[in-house]
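Below is a short briefing on one structure, arranged by topic.

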Amino acid sequence: MTTIQIGIAGAVLLVAVGLYGLLVSRHLIKVVIALQIMVKGAMLAIIVAGAAVGQTNLAQSIALTVIVVDTIAAVLALALIVQIKRHTGTLDAAELAQLRH
């Protein structure tokens, strides 16, 4: 196997693990972690694709942008999760879906 094939296999594995985490977990923090894993898989795919076509610098700059945006999104999601926990006392998505005001 070439390094590009190994990189693509790693990216697919990360996305699959993240998707499994999204489908199985109802805990909001675990959902955020699963999304983070999926983004890392997509970022690895971008870097591998850039290396495959010879545009490594472009792929790395896109990956850096993805890291920044992903970090901001994760921090905002975790801040919202903290507020949800304070107001409702639970982080279970199924229980939160039952709430009515």
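The model is predicted: local features need pLDDT of at least 70, side-chain atom pairs count only at pLDDT 80 or more, and totals for chains, interfaces and linings use all residues. Residues are numbered from 1 along each chain as its sequence is written, and side-chain values use heavy atoms, with hydrogens and water left out.

- Thr88 is placed in helix α3; helices are DSSP runs (H or I, at least four residues), numbered from the N terminus.
- Thr88 counts as partly exposed because its relative accessibility is 36% (buried is under 20% relative accessible area, exposed over 50%, partly exposed in between; 1.4 Å probe, protein chains only).
- A polar atom of the Thr88 side chain also lies 3.2 Å from the backbone oxygen of Thr90.
- Leaving aside neighbours within four places in sequence, Thr88 is in contact with Leu96 and Leu99, where contact means heavy atoms within 4.5 Å.

**Thr90 in the loop**

- Thr90 is found in the loop between α3 and α4 (93–97).
- With 14% relative accessibility, Thr90 counts as buried.
- A polar atom of the Thr90 side chain lies 3.2 Å from the backbone nitrogen of Asp92.
- Beyond neighbours within four places in sequence, Thr90 is in contact with Ile84, Lys85, Glu95 and Leu96.

**Packing of α2 and α3**

- Helix α2 (residues 28–53) and helix α3 (residues 56–88) pack at an angle of about 175°, their axes 9 Å apart; axes are lines fitted to C-alpha atoms over the stretch in contact, and angles run from 0 to 180 degrees between N-to-C directions.
- The two helices are therefore roughly antiparallel, a term for angles over 145 degrees.
- Residues making the contact include Leu28, Val32 and Met43 of α2 and Thr56, Asp70 and Ile81 of α3.

**Nonpolar core**

- The largest nonpolar core has 5 residues: Leu28, Val32, Ile81, Leu91 and Leu96. Such a core is a set of buried Ala, Val, Leu, Ile, Met, Phe, Trp, Tyr and Cys residues joined through side-chain atoms within 4.5 Å.
- Apart from neighbours within four places in sequence, Leu28 is in contact with Ile81, Ile84, Leu91, Ala93 and Leu96.

**After α4**

- Arg100 lies in the segment after α4 and, at 71% relative accessibility, counts as exposed.

Key. Parallel < 35°, antiparallel > 145°, perpendicular 65-115°, else oblique. Polar contact = N/O pair within 3.5 Å; in protein donor to acceptor, adjacent residues only side chain to side chain.
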